[in-house]
Amino acid sequence: MIEKIKGLLKETEEFVVKNVDELEQYRLKYLSKKGEISTLFGDFKNVAPELKKEVGQKINLLKQSAQQKFDELKDYLEDQSDNTEGTDLSRPGEPIELGSRHPISLVKNEIVSIFNKLGFTVDEGPEIEDDWHVFSALNFPPEHPARDMQDTFFIEKEPDILLRTHTSSVQVRVMQNQKPPIRTLLPGRVFRNEAISARAHCIFHQIEGLFVAENVSFADLKQTLMYFAKEMFGEKTQIRLRPSYFPFTEPSAEMDVSCSICAGKGCNVCKYTGWLEILGCGMVDPNVLENCGIDSEKYTGFAFGMGVERIAMLKYQIKDLRLYFENDVRFLRQFKSAY
Ligand code: DAH
């Protein structure tokens, strides 16, 4: 047995190959399940007990060395073929794997394209903002408790520089820089000092809508949102507006859509209410218009804001927010759509 091992060690060490077929011969002869080395392992049970230790070690060494030799031969052949001479340039290439869009992008694009049909364009603003654009211009007085509604990441104090807590800040920038009529959507990332869990994250995405012109009414707001809800969740979707409070809108409301999962009958997604809250909205407070240099006697407007993760969760029935940020391809691969 020891002689046999020695012989095989020598043979494998001296083996030379000229091409992949010969490499495959080597593999079959020595390394495959029915190869010489496996056979040795099979015969091992017949070795006398006092020799078992020595023989066992030698077989293991042989196996390692034969495998190493295989790797070397393979590398050698690959190096050879890097040299383009002799390479078949007409061989078909490796197919390119197509990626898929992130569900947040898909839902964002879908929302934008629905509002595009109503004439909304898109504007963006900075993620690092100052107090004026995030709070003051939006009618949050300095000591107003509404500032506590949002836990803010501050970068600097006096003057306050912070990560925006909502995309409403971009409303201010748009109104400062454009003249009515303004009809725009403001998508972007927002940041809040929240403990990360299945239902909350410190980074998420919002889409804000803003319409400022002469004679814009609450009826226009309601009609616009109803159109959106039906396009997004299906023709049968119903909406309901509940009175609410935001410093920058008056009156303010929160909008629910009828639960598309149970069609309003009640299920665990809508917590057996038949309704799902999806956005906040209202008529732009005249103070906000004035803060941004727009004549509130002449113009009125409506605004709304929604969380993209929330809409995507409802659309795709995703139960854990953290999945959006982990970028696990097994999760991402599932989303294919026209957007
Ligand atoms: N900014 C609000 C938030 O982050 C959402 C919102 C509510 C935006 C009402 C609006 C609005 O434009 O009118 O919770």
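Predicted model: local features only at pLDDT ≥ 70, side-chain atom pairs only at ≥ 80, totals over all residues.
**Overall layout**

The protein is divided into domain 1, residues 2-84, and domain 2, residues 103-332. Between the centres of domain 1 and domain 2, taken over C-alpha atoms, lie 66 Å.

**Helix H8 and its surroundings**

Let us begin with helix H8, which covers residues 218-233. H8 has 16 residues and spans 22 Å from its first C-alpha to its last, close to the 22 Å expected at 1.5 Å a residue. Its buried residues are Leu221, Thr224, Leu225, Phe228, Ala229, Met232 and Phe233. They sit on the same side of H8, because they cover an arc of only 135° around the axis. In an α-helix there are 3.6 residues a turn, so residues three or four places apart point the same way.

What do the buried residues of H8 pack against? Their partners are helix H5 (103-116) and helix H10 (308-316), together with strands S7 (239-246), S8 (249-258), S9 (275-284) and S10 (300-307). After H8 comes glycine 234, with a positive phi near 115°.

**Strand S10 and its partners**

Strand S10, one of the elements packed against H8, is mostly covered, with 6 of its 8 residues buried. S10 pairs with strand S6 (residues 203-213) in the antiparallel sense over 8 bridges, and phenylalanine 211 stands opposite phenylalanine 302 in S10. S10 also pairs with S9, again in the antiparallel sense, over 5 bridges; here the bridge partner of leucine 279 is methionine 306 in S10.

Alanine 213 belongs to strand S6. Is alanine 213 buried or exposed? With a relative accessible area of 11%, alanine 213 falls under the 20% limit and is therefore buried. Leaving aside neighbours within four places in sequence, alanine 213 is in contact with Pro180, Pro181, Tyr299 and Thr300. Lysine 265 is 52 residues from alanine 213 in sequence and 39 Å from it in space, C-alpha to C-alpha.

An open sheet of 3 strands runs in the order S2-S4-S3, with antiparallel pairing. Strands S2 (128-130) and S3 (154-156) each have a single partner strand and stand at the edges, so one side of each is left without a neighbour in the sheet. On average, neighbouring strands of this sheet are turned by 35° against each other, direction ignored. S3 is joined to strand S4 (residues 161-163) by 2 bridges, and phenylalanine 154 has leucine 162 in S4 as its bridge partner.

Helix H7 (residues 168-177) is largely enclosed by the rest of the structure, because 7 of its 10 residues are buried. Among them are Val170, Val172, Val174 and Met175.

Most residues other than glycine have a negative phi, and most peptide bonds are trans.

| Site | Feature | Location |
|---|---|---|
| Glutamate 158 to proline 159 | cis, omega near -5° | proline 159: loop between S3 and S4 |
| Proline 180 to proline 181 | cis, omega about 0° | proline 181: loop between H7 and strand S5 (182-191) |

Lysine 271 is exposed, with a relative accessible area of 56%, whereas glutamine 317 counts as partly exposed at 43% relative accessibility. Proline 180 and proline 181, joined by a cis bond, are also among the contacts of alanine 213.

Note on methods: Residues numbered from 1 in each chain as written. Heavy atoms only, no water. Helix = DSSP H or I, 4+ residues; strand = E, 2+ residues; numbered from the N terminus. Expected span 1.5 Å × (residues − 1). Buried < 20%, exposed > 50% of the residue type's maximum accessible area, 1.4 Å probe, protein only. Arc of directions from axis to C-beta. Contact = heavy atoms within 4.5 Å. Pairing = 2+ DSSP bridges. Axes fitted to C-alpha atoms, helices over the stretch in contact; angles between N-to-C directions. Domains from an automatic or database assignment.
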